[in-house]
Amino acid sequence: MARSPLRFLVLILAISICHAAGIFHPISDSHRSAALDLFKPVDGSFASLEEAYEALRTFEVLGIEKTAELSKAICKSVLGTLESSSSTPKDLFHALGVNGILKCSSKEETFEDQTSKTDLHLSDAEGTFRSIKALSQSDGRWRYSSNNPESSTFAAGIALEALSGVVSLASSEIDQFMIGAVKNDIVKLFDSIEKYDDGTFYFDEKLVNMREQQGPLATTSSVVRGLTAFSSVITESLNLPGDKILGIAKFFLGIGIPGDTKNFFDQVDLLACLENNRQVKVNTVLGSHAPPLTVTLVRAFSSSARDNSIIENQELKFDPQDAVYFLDDLPASFDVGEYIFVFKMLVQDSEQQTVYATGTLTQVPIYVTGLIKIENAKIAVLDSDLGSVETQKKLDLAGESTVSVSANHLQKLRLSFQMSTPLGNAFKPHQAFLRLRHETKVEHTFVVGSSGKKFEITLDFLGLVEKFFYLSGRYDIQLTVGDAVMENSLLREIGYVELDLPEPPENASRPPPQPVDPYTRYGPKAEITHIFRAPEKRPPEELSLAFLVLTILPLFGFIIGLLRLGVNLKNFPTSAVPATFAVIFHLGIAAVLLLYVLFWLKLDLFTTLKTLCFLGVFLMVVGHRTLSHLASASAKLKSA
């Protein structure tokens, strides 16, 4: 069962790039819970070594302990794969990955006795390096093979991982010109990176003819895994923009908790690679403490007045106990609203500046919430011609009371109120709607306009009769006022208006059909109660029984008559076989008579006919035998 140690060590080097040590910096407790739910073993183990490796690697990163039973079952599969001569390279790759985590017992000592790891190298590492490099494209992407003209971003990550393994196994230093060419390919690859408006960066696959399309998460994970692998085997650092590295980390942190095992593993493993790699480390992606920083609030401004800065160039203080940076106080003019805070972070230790990427400027949206004052709320009915107030009522928008008014098509309805911030400034919410709902469920929505602190809307019913489809009756009035910074947003019924509109003309448009409630359409139907026809009147039971006796009397009369006349049984067969057939024949006739009785009492017509057919055939056979015997006996008597 000898196997080349080189085959194993190539795989070991390939999988150890992102495995510096066990990390215990969980992103959140929710990730721990999700990992236990997603990576559930079946019958004490996983379906494949690939699934086992992804589960164990995720558990290792998140600091989740593995049970002894699970480790024992997986190690058994690992040893079987390593000792089998028919194992595929993919199975060996994942088996060694699992072995590196669980430290299963293996024949690794045998390989070390045969060949020293320090002496193990590729005979033509530079030639292998050039062969892989030949598949690179001008835009930084890679082809999967020389036979495939399509270039792939996902394949670029795989190529960088392969190149890092070749460099690790090289007996002599790889030509620096080739290393520089690969670094240039990485820079070109980052030129094609996608970006969201919030500063999030990600890689996406652009192939259209691939059988299996890779999504942004898998593609970005492949590139970053290859990037960290390659940067760990070269002496010079990679010149990559810090904002893009931070943007990639933001992409993986911003997707929340993926719902499937593959994406979950990609997220956790990628953040672990960023956490451990010395070239492209991103601080705190897995919750580890950042080095000493200088955090400055460059400026803060309202989203509605970006040119006017409220705060400028204030350095935040550091609280070592809670490991947070804070601002002493805010200006007195800081009111309710949406603000943008622009931060700048610098690593204090100059030696750490090549280790950590802090980016340039970071914009953080800040929402300052508060209770908005709503005052002087009134609803009034106005005369259409003069505009004079005919009816006016006050509204308590903070309470539960409602009002009712009435109007016709020659009048107007006016709603007004005032809104102000805790500092007394005018406040304009994102939403301010007035909705009128007719008793037939037809709704009409209107935007409430504002001028400073005052909000007012006037509905002229004369110009709205067509929009209201000439529908008179009760209209419920609903007011909606809301905003992200308004803690007392409201959505409530404030009352109703009895509206008297003229009759519609012949060509007037009708109200649109209202959507049918799915519950009433597809829900359970009412129980159907069946009403059967009343039974016919029947004679008394005594009369029925008397009639039955009368119908049986002729039968008894027939039997008595036979006895009186004398029954001739002289021709009944005396020998055994003919006598048996004769008895069976008479029993068959009795069975037919019994069948008629059963049909009268309980059997249906089809069952009776089927049984009668069987009995008829049976009677025909035995009757023929019996009559044949009687005919033969009669012929013998005559001849004698």
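Is the crossing in which α15 passes α16 left-handed or right-handed? It is left-handed: α15 passes α16 in that sense. The points below take up this pair and other features of the model, which is predicted.

1. **The α15/α16 pair.** Helix α15 covers residues 576-601, and helix α16 covers residues 605-639. Their axes come within 9 Å. The crossing angle is roughly 160°. Angles over 145 degrees count as roughly antiparallel, so α15 is roughly antiparallel to α16.

2. **What lines that contact.** The residues of the α15 contact with α16 divide into 18 nonpolar, 6 polar and 1 charged.

3. **The α7/α9 pair.** Helix α7 spans residues 125-133, and helix α9 spans residues 176-191. Here the axes come within 11 Å and cross at roughly 25°. The cut-off for roughly parallel is an angle under 35 degrees, and α7 and α9 are therefore roughly parallel to each other. The crossing of α7 and α9 is left-handed.

4. **Who makes the α7/α9 contact.** From α7 come F129, R130 and K133. From α9 come M178, I179, A181, V182 and D185. By class, the residues of this contact split into 5 nonpolar and 3 charged, with no polar residue. Arg, Lys and Asp count as charged, so R130 and K133 of α7 and D185 of α9 make up the charged group.

5. An open sheet is formed by 5 strands. Their order is β15-β22-β21-β17-β18, and the pairing is mixed. The edges are β15 (403-408) and β18 (443-447), each of which pairs on one side only. From one strand to the next, the twist averages 25°.

6. Which strand pairs with β15 in the parallel sense over 6 bridges? The partner is β22, residues 490-500. Within this part of the sheet, S404 stands opposite Y496 in β22.

7. **The protein as a whole.** The model holds 16 helices and 22 strands. Of its 640 residues, 37% count as buried. Contacts also reach across the sequence: among those between residues at least 6 apart, 68% join residues at least 24 apart.

Terms used
Residues numbered from 1 in each chain as written. Predicted model: local features only at pLDDT ≥ 70, side-chain atom pairs only at ≥ 80, totals over all residues. Heavy atoms only, no water. Axes fitted to C-alpha atoms, helices over the stretch in contact; angles between N-to-C directions. Helix = DSSP H or I, 4+ residues; strand = E, 2+ residues; numbered from the N terminus. Parallel < 35°, antiparallel > 145°, perpendicular 65-115°, else oblique. Left-handed = near helix turned anticlockwise from the far one by under 90°. Contact = heavy atoms within 4.5 Å. Pairing = 2+ DSSP bridges. Buried < 20%, exposed > 50% of the residue type's maximum accessible area, 1.4 Å probe, protein only.
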